[in-house]
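Subject: Structure handover

Hello,

Here is the structure for you to look over. My notes on it follow below.

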Amino acid sequence: MIIVTGATGQLGRDVVERLLARVPADRIGVSVRNPEKADALRARGVRVRRGDFTDPASLAHAFEGVEQLLLVSTDTTGAPAVSAHRAAIDAAVAAGARRVVYTSHMGVNPDSPFVPMPDHAATEQALQESGIACTSLRNGFYAASAVMMLGNALETGRLVAPEDGPVSWTAHADLAEAAAIVLADAGRFEGPTPALTGERALDLADVAALASRLTGRRIERVVVGDEEFRDALVAQGAPEHQADLLLGLHRASRKGEFAAVDPTLGSLLGHAPTPLEDVLRAAVGQEAPPVR
Ligand SMILES: NC(=O)c1ccc[n+]([C@@H]2O[C@H](COP(=O)([O-])OP(=O)(O)OC[C@H]3O[C@@H](n4cnc5c(N)ncnc54)[C@H](OP(=O)(O)O)[C@@H]3O)[C@@H](O)[C@H]2O)c1
């Protein structure tokens with residue numbers, strides 16, 4: 001059985017949809033914190049069990065019969081994230097899994113100023129140390145994050161952020177499809193994949209220019225100092241750790257940590273990855289993303 005964690009989250013839910021197109025439903029299970037949120041999957045024949053990374057007993061039950069586990073990284077950061085991922089890896093090994101596929105990141109790096117990157121590095125290391133066959137999907141930076149960074153610039157006409165760098169923005173849908181392909185073909189990739197990215201790396205000035213073109217309204221890219229940016233976020237009510245996280249992201253992007261462009265995602269999908277422009281257009285125009 002292929003078991004997917006995080007299946008009530010954006011990426012995991014989409015992976016399950018795409019697995020259902022490839023694998024019989026009775027070979028798919030989900031491990032989720034709130035099973036009632038997965039009722040629609042249960043109705044389609046997917047096994048739904050409660051699994052919380054902070055509750056190892058729940059994982060033992062949720063992972064019963066697992067052959068492959070898709071471990072979707074949690075939305076926490078730092079030590080809680082790494083210990084959550086370790087708990088899932090330990091439970092997969094104990095349940096007799098053949099392989100763990102993990103949603104890592106293209107910028108995985110123990111020394112990155114962007115906290116999730118050292119978390120991914122520690123998790124990849126834990127996977128190696130577990131001895132289980134594993135694939136780390138080095139996912140590109142979510143294009144949805146570019147939409148988030150645009151934020152209220154659509155109203156104010158000013159995209160305010162510290163100095164940044166180019167990012168090879170990648171659509172959730174493409175990463176979900178790639179994960180489903182890799183799970184359905186158990187021999188695909190051993191260890192880390194190459195970076196799974198879109199075809200172009202664009203910085204925030206490019207994002208502002210794209211958004212200007214799509215909305216017909218001028219959006220200016222305004223560069224501010226690191227401390228000014230952080231202080232403004234905190235003054236607007238952001239928790240300090242959130243402000244540090246966002247500042248770390250820009251520090252990492254300016255060092256080029258998310259700039260690589262690699263053809264592997266397009267090869268896996270059999271078509272060009274979704275450009276950032278399509279994701280932005282769907283976000284600013286409220287239309288559905290294009291079907292690929
Ligand atoms: N590649 C990138 O650029 C990028 C950017 C941002 C994030 N990420 C990573 O990619 C992951 C998936 O992205 P997404 O968009 O699907 O995020 P998401 O919608 O926030 O999904 C995160 C999932 O993690 C689950 N989760 C959190 N804590 C858990 C726990 N203790 N036990 C079990 N499950 C737990 C959540 O469960 P519930 O559904 O119950 O809340 C949710 O389903 C994120 O969590 C993050 O690690 C990557």
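In which hand does H1 pass H8? The crossing is right-handed. Keep in mind that this is a predicted model.

**Helices H1 and H8**

H1 covers residues 10-20, and H8 covers residues 172-184. Their axes come within 8 Å and cross at roughly 50 degrees. On the H1 side, the contact uses Gln10, Leu11, Asp14, Val15, Arg18 and Leu19. On the H8 side, the residues are His172, Ala173, Leu175, Ala176, Glu177, Ala179, Ala180, Leu183 and Ala184. By class, the H1 and H8 contact has 10 nonpolar, two polar and three charged residues.

**The protein overall**

The protein has 13 helices and nine strands. Its radius of gyration is 19 Å, close to the 19 Å that the globule rule gives for 292 residues, so the protein is as compact as a globular protein of that length. The C-alpha trace spans about 55 × 40 × 35 Å along its principal axes. Of the 292 residues, 41% are buried. Now take the contacts between residues at least 6 apart in sequence: 74% of them join residues at least 24 apart.

**Helix H13 and its partners**

H13 runs over residues 276-285.

Start with H9, residues 204-215. The axes of H9 and H13 come within 10 Å and cross at roughly 50 degrees. H9 and H13 are therefore oblique to each other. Their crossing is right-handed. H9 brings Leu210, Ala211, Leu214 and Thr215 to the contact. H13 brings Leu276, Glu277, Leu280, Arg281 and Val284. The residues of this H9 and H13 contact divide into six nonpolar, one polar and two charged.

Next is H6, residues 143-150. The axes of H6 and H13 come within 9 Å, again with a crossing of roughly 50 degrees. H6 and H13 are therefore oblique to each other. This crossing, too, is right-handed. Ala143, Ala144, Ala146 and Val147 of H6 meet Leu276, Val279, Leu280 and Ala283 of H13. What classes do the residues of the contact of H6 with H13 fall into? There are eight nonpolar residues, with no polar and no charged ones.

**Two residues to look at**

Asp278 sits in H13. Asp278 has 17 inside 10 Å, so it counts as partly exposed. Asp278 and Ala143 are 135 residues apart in sequence. In space, their C-alpha atoms are 9.6 Å apart.

Thr274 is in the loop between H12 (264-269) and H13. Thr274 has 25 C-beta neighbours inside 10 Å, so it counts as buried. Where does Thr274 stand relative to Asp39, 235 residues apart along the chain? Their C-alpha atoms are separated by 30 Å.

Best wishes

How values were computed:
Residues are numbered from 1 along each chain as its sequence is written. This is a predicted model: local features need pLDDT of at least 70, side-chain atom pairs count only at pLDDT 80 or more; totals for chains, interfaces and linings use all residues. Helices (H or I, at least four residues) and strands (E, at least two) are DSSP runs, numbered from the N terminus. The radius of gyration is taken over C-alpha atoms; the globule rule is 2.2 Å times the number of residues to the power 0.38. A residue is buried if 20 or more other C-beta atoms lie within 10 Å of its own, exposed if 12 or fewer, and partly exposed in between; C-beta atoms are placed from the backbone. Two residues are in contact if their C-beta atoms, placed from the backbone, lie within 7 Å. Axes are lines fitted to C-alpha atoms, for helices over the stretch in contact, and angles run from 0 to 180 degrees between N-to-C directions. Angles under 35 degrees count as roughly parallel, over 145 as roughly antiparallel, 65 to 115 as roughly perpendicular and the rest as oblique. A crossing is left-handed if the near helix is turned anticlockwise from the far one by less than a right angle, and right-handed if clockwise. Ala, Val, Leu, Ile, Met, Phe, Trp, Tyr, Cys and Pro count as nonpolar, Asp, Glu, Lys and Arg as charged, and the others, Gly among them, as polar.
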